[in-house]
There are 2 protein chains.
Amino acid sequence: MRYSIGVDMGGTNTDMGLVTENGNIIKRRNIATNAYTQLEPYVRDMIREIRAMVEEQTAIDGEAVMLDGIGIGAPNGNYYTGCVDNAPNLTIKGNLDFGKEIHKYMSVPVVLSNDANAAAYGEYVYGGAKGMKHFIMFTLGTGVGSGIVVDGKLVHGSTGAAGELGHAILIPHGRKCSCGREGCLETYTSARGIVQTYIELRREDPDGERMLKEVPDGEISSKLIGEAAHQGDPVALKTWAIVGDQLGLAMANSVTFSAPEAIFLMGGPAQVGEPLLRPLREAFERYLLNIFAGTCQIRMSELKANEVAILGAAALLKMKS
Amino acid sequence: MRYSIGVDMGGTNTDMGLVTENGNIIKRRNIATNAYTQLEPYVRDMIREIRAMVEEQTAIDGEAVMLDGIGIGAPNGNYYTGCVDNAPNLTIKGNLDFGKEIHKYMSVPVVLSNDANAAAYGEYVYGGAKGMKHFIMFTLGTGVGSGIVVDGKLVHGSTGAAGELGHAILIPHGRKCSCGREGCLETYTSARGIVQTYIELRREDPDGERMLKEVPDGEISSKLIGEAAHQGDPVALKTWAIVGDQLGLAMANSVTFSAPEAIFLMGGPAQVGEPLLRPLREAFERYLLNIFAGTCQIRMSELKANEVAILGAAALLKMKS
């Protein structure tokens, strides 16, 4: 039987999965990324876990497991070089050449890209974007990431770092961003940006707030703001209305680039559902250039939150060059 | 000998050229687009002129002219359908199926796209973008157009209308645009947008103006503002500084999408040169996400202003699907 290995390399944990041809994760393992400061022992232990999954599956299948290869989604992962280059939130520093290191143990294809690109490609191979030639994925989380598919291919650009729509400037001279510039989409629609908007709004309107009055600023999370919105908290609802407006504008702008047939949304803050999706869709239609009216849907990712990273990484192996 | 026909369909004139394999326009003809209200006689006369060029060239070469086909750059031209669909500034109305009409006379490939896409592809086949896999063309004129090349292919998107960066919203709730929305790039960096900025600035600072004091608002043009800038007019220089800043921001945002190796600029207002290019390059570097620093150049189109439209149209025939 044929399988793929998907590796989701996060700053804290590295999750690995054995994935079937049709996108079922049938085995999972993980190691603690932040227990390592060198690539060599990290890859050695990763390979140990992968081999263990393969051996277990060989016993179950009663025949040799054929591996398509190892797909890796990693922060700052570069598709062209196969390297992770100085990712700020990794304890393993330097220019990490995964292919070279893995090939000391196994001679299988190794494909690597950043996590948002992997998520987009996972949606294409295993999720709601199957059969689409043009779509964009926005991932909301600690930051805002994106992956763009044009003509059925991930857009990597000339450097391998294309698809950074979280750092397109939405509001000139707006909020200060961790990238050093001002007004990036990420400063408004990441988990942190959403919390900042909530805190600003409750300062302006302390009487409007109902649910989170007793929660100090430092403990507000996008999850709490989501729960408060579902309970009718006016400040929380207003927060999501603003975030929906900002994300709708960014999405409408992205349509002028590649005229996608759909824009997918995923990540923790997006799980709030209607309090975000209703103003988002409304803003998107309002900001959309008339020639694109009715040509592009906003949809939630169809992959499970705890599977998308591994499936996306495994999907990278299906990429046609 | 092999040749291509490039057709530049404008609202007023239609320019046609016989183009050699290496991008020389060796014959030109034109007809008045606005003399027609129906596609049939328009195409009949277009074909008459094309045949005349072919016959003249056959006599010169002493052998049959082999035509690659007819490439057409037209407002609202759709690559997928081969049609021009209700272009607002054409006297010929309706959904114009050029391929069907032309094939009544000649059985050659007919390829059609909008004018900015054609200009981008002309730069790729015959100009400064030769050999590049990822670049973007911005055209400044009555409006602001763009053409985007990703992996060596024009991005047409799911509808055929991709690459409308002139209608990405640069400044939320900014200037009213002819498209009905607010804050589009086009409202700031088109010829009309540049004139509006100049007029606003001279109202604010009537003493700062030196060269165009006697020119009424209705006669100010981007060309005059360019001449005034070269003569040191402070209001004109400030106008170009603002336009450069706005265009630099838009270009930096476009890099987050496709990480191009170059962004090309063309069109009347861009001919002003340094008064625009200096602040443009400075703003571009300032607004560019750090991971893209040094990876993308801003360059002027290398095609002649009076040749780019015909060459771009002819270049469409070289497109790999």
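Buried here means under 20% relative accessible area, and that cut-off matters for a residue in one of the views below. Everything shown comes from a predicted model.

View 1. Ala161(A) has a relative accessible area of 19%, so it counts as buried under the 20% cut-off. You'll find Ala161(A) in the loop that runs between S11 and helix H4 (186-189) of chain A. Which residues does Ala161(A) touch, once its neighbours within four places in sequence are left aside? The contacts are His156(A) from chain A, plus Ala259(B), Ile291(B) and Phe292(B) from chain B. Look for Tyr79(A) too: it is 82 residues away from Ala161(A) along the chain, yet the two C-alpha atoms are separated by 8.4 Å.

View 2. Turn chain A by 180 degrees, with a shift of 0.0 Å along the axis, and it can be laid on chain B with an RMSD of 0.0 Å. The two copies are therefore related as by a two-fold rotation axis. To place that axis by eye, go to Ile171(A): its C-alpha is the one in chain A nearest the axis, at 3.4 Å. Both copies use the same surface to meet each other, with 100% of the contact residues of chain A recurring in chain B.

View 3. Helix H7 (234-258) of chain A and helix H7 (234-258) of chain B each supply at least two residues of the lining. What kinds of residues make up this lining? They split into 16 nonpolar and six polar, with no charged residues.

**View 4. Helix H9 of chain B, largely enclosed.** Helix H9 (residues 308-315) of chain B has seven of its eight residues buried, so the rest of the structure largely encloses it. The buried ones are Val308(B), Ile310(B), Leu311(B), Gly312(B), Ala313(B), Ala314(B) and Ala315(B). What do these buried residues pack against? Their partners in chain B are strand S1 (2-9), strand S2 (13-20), strand S3 (25-32), strand S4 (66-73), helix H3 (115-126) and strand S12 (262-266).

**View 5. Two loop residues with positive phi.** Asp151(A) has a phi near 55 degrees and belongs to the loop between strand S10 (144-150) and strand S11 (153-154) of chain A. With 23% relative accessibility, Asp151(A) counts as partly exposed. Over in chain B, Asn76(B) has a positive phi of about 60 degrees, and it isn't a glycine either. Asn76(B) lies in the loop between S4 and strand S5 (77-78) of chain B. Asn76(B) is partly exposed as well, at 39% relative accessible area.

**View 6. Confidence in the prediction.** Chain A averages a pLDDT of 95, and 100% of the residues score at least 70. For the model, the scores are ipTM 0.93 and pTM 0.94.

Conventions
Residues are numbered from 1 along each chain as its sequence is written. Chains are lettered from A and ligands numbered from 1 in the order in which they are written. This is a predicted model: local features need pLDDT of at least 70, side-chain atom pairs count only at pLDDT 80 or more; totals for chains, interfaces and linings use all residues. Side-chain values use heavy atoms; hydrogens and water are left out. Helices (H or I, at least four residues) and strands (E, at least two) are DSSP runs, numbered from the N terminus. Ala, Val, Leu, Ile, Met, Phe, Trp, Tyr, Cys and Pro count as nonpolar, Asp, Glu, Lys and Arg as charged, and the others, Gly among them, as polar. Copies are superposed by least squares on the C-alpha atoms of residues with pLDDT of at least 70 in both. Contact means heavy atoms within 4.5 Å. Buried means under 20% relative accessible area, exposed over 50%, partly exposed in between (1.4 Å probe, protein chains only). pLDDT is the predictor's confidence in each residue, from 0 to 100.
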